[in-house]
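Hello,

Here is the structure I promised to pass on to you. Please have a look at it first, and then read my notes below.

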Amino acid sequence: MKNIKLWISSMRLRTLPLSVSGIILASFLAEYNGFFKWDIFIFAILTTISFQILSNLANDYGDGIKGTDNNDRLGPERAIQSGSISPENMFSAIKISILISIVLAFMLIFLAFGVKHFLLTVIFFLLGIASIVAAIRYTVGSNAYGYNGLGDVFVFLFFGLVSVIGCYVLYSKQIDHVVFLPACVIGLLSVAVLNLNNMRDIVSDKKSNKITLAVRLGAKSAKTYHLTLIALAILLATLFGILYYTSIYNLIFIIAYIPLIKHFIKVYKNEDPQVLDGELKKLALTTFLLAILMGIGHLL
């Protein structure tokens, strides 16, 4: 039982709501246009969760063996950092997680496209492989992109564009203009979650030579960058509400602006890493809430 709890903890299940936000929003948009299917939705959620768990295990492994996870780090203690799971066992778990991700991705692609859409099947197979590689290479390897300030770009691409637009195509077999603004909103807020994490760890990351974008920018500019991400997300979500307005109920997602604005003010007024750590979960859950409300609002 203790081992099970350790592995569940290392999977960092609290990160899952953020990872599925794009899938949920894309599914609402697909339902509005008459494309939604439950089997695709279920396997899209499962595949995305498998990618996120793989990423979490790989991050624990990569940061653990590099020594980035140390006593200077302020976030939750990682498995390798604490010694509760050995690097060898974590590496074995990563290999199992890769296999599970491949199987789920293959089943999802087959359910969505069958044998009738060969080009889309190839494209999404390549996207699946790219997602797995991106999940691993964030911290693993000598040229891990998370150590070179590129994490923000990959998060925007995979949590925003690939998640929302890609999932919508799984349903519809086509790209519609309605998905672009929502994809950017979720992408921007996902990058903000990553940046907040990097702002919290800016001192320890710099000592460990983990050159995140926050480290490159410095604490003051990283805060400005963070507030810009939040402001842009709110602006684009509002633009989406205006452009696709048919009823006052479409704007129900504005409710999520309340915690977003509170977060904006709190980060603006604070530089304490402990405060930033407390805001991480709130921002991730607010992104999840916004995705649900944007989707529901579009249906009303």
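**Helix packing**

Helix 3 passes helix 5 in a left-handed crossing. Before going further, please keep in mind that this is a predicted model. The axes of helix 3 and helix 5 (residues 87-113) cross at roughly 160° and come within 9 Å. Angles over 145 degrees count as roughly antiparallel, and helix 3 and helix 5 are therefore roughly antiparallel to each other. Sorted by class, the residues in the contact of helix 3 with helix 5 are 24 nonpolar, four polar and two charged.

Helix 3 (residues 38-66) also packs with helix 2 (residues 16-32), at an angle of about 155° and with the axes 9 Å apart. Helix 2 and helix 3 are therefore roughly antiparallel to each other as well, but here helix 2 passes helix 3 in a right-handed crossing. From helix 2, the residues Leu16, Ser19, Val20, Ile23, Ile24 and Ser27 take part; they meet Phe41, Ala44, Ile45, Thr48, Ile49, Gln52 and Ile53 in helix 3. That contact of helix 2 with helix 3 has nine nonpolar and four polar residues, and no charged ones.

While you are looking at helix 3, find asparagine 56, which is placed there. Is asparagine 56 buried or exposed? Its relative accessible area is 1%, and buried means under 20%, so asparagine 56 is buried. Leaving aside neighbours within four places in sequence, asparagine 56 is in contact with Ser10, Met11, Arg12 and Thr15.

**Nonpolar cores**

The largest nonpolar core has 70 residues, and Val185, Leu260, Leu290 and Met294 are those with the most contacts inside it. Which helix gives the largest share of this core? That is helix 8 (residues 180-200), with 12 residues. Apart from this core lies another one, of 18 residues, which includes Ile53, Met90, Ile94 and Ile132.

Not counting residues up to four places away in sequence, leucine 260 touches Leu189, Ile230, Ile234, Leu283, Thr286 and Leu290. Leu290 is itself among the residues with the most contacts inside the core.

**Some single residues**

Two backbone angles may interest you. Lysine 173, in the loop between helix 7 (151-172) and helix 8, has a phi near 65°, a positive value in a residue other than glycine. With 25% relative accessibility, lysine 173 counts as partly exposed. Asparagine 209 likewise has a positive phi, of about 65°, although it is not a glycine. You will find asparagine 209 in the loop between helix 9 (202-207) and helix 10 (213-217). Its relative accessible area is 54%, and exposed means over 50%, so asparagine 209 is exposed.

Finally, there is valine 275, in helix 13 (residues 273-299). Valine 275 is in contact with Lys266 and Asn270, if its neighbours within four places in sequence are left aside. How many residues along the chain lie between the positions of valine 275 and phenylalanine 159, and what separates their C-alpha atoms? The two are 116 residues apart along the chain, and their C-alpha atoms are separated by 25 Å.

Best wishes

Definitions and conventions:
Residues are numbered from 1 along each chain as its sequence is written. This is a predicted model: local features need pLDDT of at least 70, side-chain atom pairs count only at pLDDT 80 or more; totals for chains, interfaces and linings use all residues. Side-chain values use heavy atoms; hydrogens and water are left out. A nonpolar core is a set of buried Ala, Val, Leu, Ile, Met, Phe, Trp, Tyr and Cys residues joined through side-chain atoms within 4.5 Å. Buried means under 20% relative accessible area, exposed over 50%, partly exposed in between (1.4 Å probe, protein chains only). Helices (H or I, at least four residues) and strands (E, at least two) are DSSP runs, numbered from the N terminus. Contact means heavy atoms within 4.5 Å. Axes are lines fitted to C-alpha atoms, for helices over the stretch in contact, and angles run from 0 to 180 degrees between N-to-C directions. Angles under 35 degrees count as roughly parallel, over 145 as roughly antiparallel, 65 to 115 as roughly perpendicular and the rest as oblique. A crossing is left-handed if the near helix is turned anticlockwise from the far one by less than a right angle, and right-handed if clockwise. Ala, Val, Leu, Ile, Met, Phe, Trp, Tyr, Cys and Pro count as nonpolar, Asp, Glu, Lys and Arg as charged, and the others, Gly among them, as polar.
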